[in-house]
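Subject: Handover of the model and notes on its fold

Dear colleague,

I am passing on the structure below, and my notes follow it. Please read them with the model open beside you.

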Amino acid sequence: MLSRAARSTSRTVVPALGSLASRQKHSLPDLPYDYGALEPHINAQIMQLHHSKHHATYVNNLNAIEEKYLEALEKGDITTQVALQPGLKFNGGGHINHSIFWTNLSPKGGGEPKGELLEAIKRDFGSFDKFKEKLTTVSVGIQGSGWGWLGFSKEQRRLQIAACFNQDPLQGTTGLIPLLGIDVWEHAYYLQYKNVRPDYLKAIWNVINWENVTERYMACKK
């Protein structure tokens, strides 16, 4: 079963119109490990600020915007609905992306995946090392803030690598189902790695939770 953090991403950013009035507010998911559990690769200070401040802000903003969106729907105020959509995308994407990110990491992570996921990586990228190099290169090359992703295309039945800017959610903007996301916003690494993003990306492979990524892959194949 996916963790609570992963399950919280299953709701759409904008609920179905009929359920808006009775919707439940989004909440900050608990981490499945302590803030210092990923050290020395990602230090406790970064994890605490990233989770309790940055992710929490996306959640709070998303809830506030959804309340305004509900009011606009009830009034038939299309202008306000349209004006709120960029905020829904940004804060909703931030909540979705981070909820996946926390479960993609583990103090027992690193190494290589096994089984069907590893075979799929070899099929679609040639080898695990080539996949790792490509995702790292894509993530390093993002200008400004964004995310590097390993996703699954249901149409092509293949793994794909993609970059998303800012907090754009992978599935909502590309159609790919997110399996593994690497946050390359500076708040994810600056306090430890300064502006040397490649060092952060080299380190993060030591804490990738391949069990979680595999679980996501097997679920989306069904």
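Does R158 count as buried, exposed or partly exposed, and why? Because its relative accessibility is 33%, R158 counts as partly exposed, where buried means under 20% relative accessible area, exposed means over 50%, and partly exposed lies in between, with a 1.4 Å probe and protein chains only.

Before going further, please note that this is a predicted model, in which local features need pLDDT of at least 70 and side-chain atom pairs count only at pLDDT 80 or more, while totals for chains, interfaces and linings use all residues. Residues are numbered from 1 along each chain as its sequence is written, and side-chain values use heavy atoms, with hydrogens and water left out.

Overall layout

The chain has nine helices and three strands, taken as DSSP runs numbered from the N terminus (helices are H or I of at least four residues, strands E of at least two). Read from the N terminus, the order of elements is α-α-α-α-α-β-β-α-β-α-α-α. Of the 222 residues in the chain, 49% are buried. Among contacts with a separation of 6 or more, 71% are between residues 24 or more positions apart, a contact being heavy atoms within 4.5 Å.

The sheet

The three strands form an open sheet in the order β2-β1-β3 with antiparallel pairing, where two strands pair if DSSP finds at least two bridges between them. The edge strands, each pairing on one side only, are β2 (158–165) and β3 (177–183), and neighbouring strands are turned against each other by 25° on average, direction ignored. Strand β1 (residues 146–153) is joined to β3 by six bridges and to β2 by eight. On the β3 side, F152 stands opposite I177; on the β2 side, G148 stands opposite A163, and W147 has C164 as its bridge partner. The hairpin of β1 and β2 has four residues between the strands, and R157 takes a positive phi near 55° there.

Strand β1 is mostly covered, with eight of its eight residues buried.

R158 and R123 are 35 residues apart in sequence, with 8.8 Å between their C-alpha atoms.

With residues up to four places away in sequence left out, D168 touches K89, N97 and T173. The C-alpha atoms of D168 and G92 are separated by 8.7 Å, although the two residues are 76 apart along the chain.

Nonpolar cores

The largest nonpolar core has 51 residues, of which F131, L159, Y200 and I204 touch the most other members; such a core is a set of buried Ala, Val, Leu, Ile, Met, Phe, Trp, Tyr and Cys residues joined through side-chain atoms within 4.5 Å. Helix α4 (residues 115–125) supplies the largest share of this core, five residues. F131 touches I121, F125, L150, I161, L180, W205 and W210, again not counting residues up to four places away in sequence. A second, separate core of five residues includes I65, Y69, L84 and L88.

Helix packing

The axes of helix α5 (residues 128–140) and helix α8 (residues 197–204) come within 10 Å and cross at roughly 145°, where axes are lines fitted to C-alpha atoms, for helices over the stretch in contact, and angles run from 0 to 180 degrees between N-to-C directions. The contact is made by T136, S139 and V140 of α5 and R197, P198 and L201 of α8. These residues divide into three nonpolar, two polar and one charged, with Ala, Val, Leu, Ile, Met, Phe, Trp, Tyr, Cys and Pro counted as nonpolar, Asp, Glu, Lys and Arg as charged, and the others, Gly among them, as polar.

For helix α2 (residues 44–75) and helix α3 (residues 78–103), the axes come within 8 Å and cross at roughly 145°. By class, their contact has 13 nonpolar, 15 polar and two charged residues.

With best regards
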